[in-house]
Amino acid sequence: MAEAKILDGVGRILDGVAMAAEIKGEAAKLAAAFAEKTGRAPGLAVVLVGENPASQVYVRSKLKLARELGFHSVEHRPAADIDRAGLLALIAQLNADPAVDGILVQLPLPPHLDADDAIAAISPEKDVDGFHVVNAGKLFAGLPGFVPCTPLGCLKLIKSVQPNLAGANAVVVGRSNIVGKPMAHLLLQENCTVTIAHSKTRDLPAVVAGADVLVAAVGRPSMIPGKWIKPGAIVVDVGINRVPALDGKTKLVGDVDFESAKHVAGAITPVPGGVGPMTVAYLMVNTCRAAYLRAGLDWGGV
């Protein structure tokens, strides 16, 4: 794979905000076309259990964007003490609702509820987060299904630099079901040679140094310094970590030390403004795709 070029001592900064805006624009056009053909808008239902402040912010932003793009969006806010049966009954109700194409259960859930239970209760055809085991299995098998939004956004960013990834050495640092594992499978489908690194990996700096494509998703602030990175590599930083700032406030940083890495990487995502906007954009794409598939319409894709 050809190296991305470093200009004026700094690699290309991948603007997730601008790219996400393009994707959202396409999703809005597809939503309008769907409404014209079916007489209804694509529908997204979000379930937020309890009063987690961060979750409230995330849900508000998702629902606001859905409305802006012409989707039908609904929010369900059961109390934090809802029991398992109550939550599963709500999900069953949304599964049966013909106006709902996508269901998102905002995580984390209160401690007495099991996230795996809730995700398993969602109909796979409405699982726009791509977390259901049926969709995970389809991704593993290379079959069409719903893929988690963050890995989809990461791949779009990577391919904006290098459309043909065949033969590239790709390293994914992190093995979560939400990012690390699906990211590895997407890169494998692009014919990369893929390594998944994690907390037990021996000599992580040497593993990272061999990566033409590096995806960091471990949730440890600035753990990957620039000196580990192969010159010219494409670096996608999924981490969002809040740390103290010099002014006594806090700031967001990724899992990669951006200031040192940007002088080595051929292309790199900033935090914030890189992967985050892409994740929300692809939630809208997945919801629109779910609507098309449920209606038996051809999905052109984004």
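Modeller: Two strands are taken to pair if DSSP finds at least two bridges between them. With that in hand, please keep in mind throughout that this is a predicted model.

Biologist: In E3, which residue is the bridge partner of Val-46?

Modeller: E2 and E3 pair in the parallel sense, and 5 bridges join them. Within this pairing of E2, which spans residues 43–47, with E3, which spans 72–76, the partner of Val-46 in E3 is Glu-75.

Biologist: Which residue in E4 does Val-47 stand opposite?

Modeller: Strand E2 also pairs with E4, again in the parallel sense, over 4 bridges. In E4, the residue opposite Val-47 is Val-105.

Biologist: What is the order of the strands in the open sheet of 3 strands?

Modeller: The pairing in this open sheet is parallel. Its edge strands are E3 and E4, each of which pairs on one side only, and neighbouring strands are turned against each other by 15 degrees on average, direction ignored.

Biologist: At about what angle to E3 does helix H2 run?

Modeller: Helix H2, made of residues 53–68, lies across E2, E3 and E4. H10 packs on the sheet as well, touching E2 and E4, with a direction that makes about 125 degrees with that of E2. For H2 against E3, the angle is about 160 degrees.

Biologist: Which strands stand at the edges of the sheet of 6 strands?

Modeller: This open sheet has parallel pairing and the order E1-E11-E8-E7-E5-E6. Each edge strand has a single partner strand, so one side of each is left without a neighbour in the sheet. The edges are taken by E1 (12–13) and E6 (193–197).

Biologist: In E6, which residue is the bridge partner of Asn-169?

Modeller: Strand E5, residues 169–173, pairs with E6 in the parallel sense over 5 bridges. Helix H7, residues 180–189, packs on the sheet and touches E5, E6 and E7, its direction making about 170 degrees with that of E5. The partner of Asn-169 in E6 is Thr-193.

Biologist: How are H6 and H10 oriented to each other?

Modeller: Helix H6 (residues 149–161) and helix H10 (residues 275–294) pack with their axes 8 Å apart and at an angle of about 115 degrees. The contact involves, among others, Cys-149, Leu-152 and Leu-157 of H6 and Met-278, Tyr-282 and Leu-283 of H10. The crossing of H6 and H10 is right-handed. Angles of 65 to 115 degrees count as roughly perpendicular, and H6 and H10 are therefore roughly perpendicular.

Biologist: Which residues does UniProt list for the "Tetrahydrofolate dehydrogenase/cyclohydrolase NAD(P)-binding" domain?

Modeller: The UniProt entry, which is unreviewed, also places a "Tetrahydrofolate dehydrogenase/cyclohydrolase catalytic" domain at residues 14–129. For the NAD(P)-binding domain, UniProt lists residues 148–291.

Conventions:
Residues numbered from 1 in each chain as written. Predicted model: local features only at pLDDT ≥ 70, side-chain atom pairs only at ≥ 80, totals over all residues. Heavy atoms only, no water. UniProt positions renumbered as here; feature names shortened; annotations may be inferred. Helix = DSSP H or I, 4+ residues; strand = E, 2+ residues; numbered from the N terminus. Axes fitted to C-alpha atoms, helices over the stretch in contact; angles between N-to-C directions. Parallel < 35°, antiparallel > 145°, perpendicular 65-115°, else oblique. Left-handed = near helix turned anticlockwise from the far one by under 90°. Contact = heavy atoms within 4.5 Å.
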